[in-house]
Amino acid sequence: MTVAATAALASIRRRREDRRAWRQLAAMSERELQDIGVCRADIVHHRRDEKGSRYWPP
């Protein structure tokens, strides 16, 4: 496997993990978020890419 292919697969895996985490956070109640020290607005910004743009998975 080439370096480029390995990097592409790593990027895809990272994005899938980020989406999974975002969905889990989005499904939590306000109380659950408060217990872990996160507010609803933090979910939108929980992941930023290298350029600093917002990440909002579908």
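How many residues apart are Asp 35 and Arg 31 in helix H2? Asp 35 and Arg 31 lie four residues apart there, about one turn of the helix. The model is predicted: local features need pLDDT of at least 70, side-chain atom pairs count only at pLDDT 80 or more, and totals for chains, interfaces and linings use all residues. Residues are numbered from 1 along each chain as its sequence is written, and side-chain values use heavy atoms, with hydrogens and water left out.

**Salt bridges**

- Two salt bridges turn up in a search of the whole structure; the term means a side-chain nitrogen of Lys or Arg within 4 Å of a carboxyl oxygen of Asp or Glu.
- Glu 30 pairs with Arg 40, with 2.9 Å between the closest N and O atoms.
- Glu 30 is in helix H2 (residues 30-35) and Arg 40 in helix H3 (residues 40-44), so this pair ties together parts ten residues apart in sequence.
- Helices are DSSP runs (H or I, at least four residues), numbered from the N terminus.
- Asp 35 pairs with Arg 31, and their closest N and O atoms are 3.5 Å apart.

**Exposure**

- Relative accessible area sorts residues into buried (under 20%), exposed (over 50%) and partly exposed (in between), using a 1.4 Å probe and protein chains only.
- Arg 40 is partly exposed at 33%.
- Asp 35 is exposed at 54%, and Arg 31 is exposed at 57%.

**Nonpolar patch**

- Met 1, Leu 9 and Ile 12 form a nonpolar surface patch with about 340 Å² of accessible area together.
- Patch residues have over 30% relative accessible area and no salt bridge; nonpolar side chains (Val, Leu, Ile, Met, Phe, Trp, Tyr) are joined within 5 Å, like charges within 9 Å.
- Accessible areas come from the Shrake-Rupley method with a 1.4 Å probe; for residues, only the protein chains shown count as cover.
- Met 1 lies in the segment before helix H1 (3-27) and counts as exposed, at 78% relative accessibility.

Notes:
Helix = DSSP H or I, 4+ residues; strand = E, 2+ residues; numbered from the N terminus.
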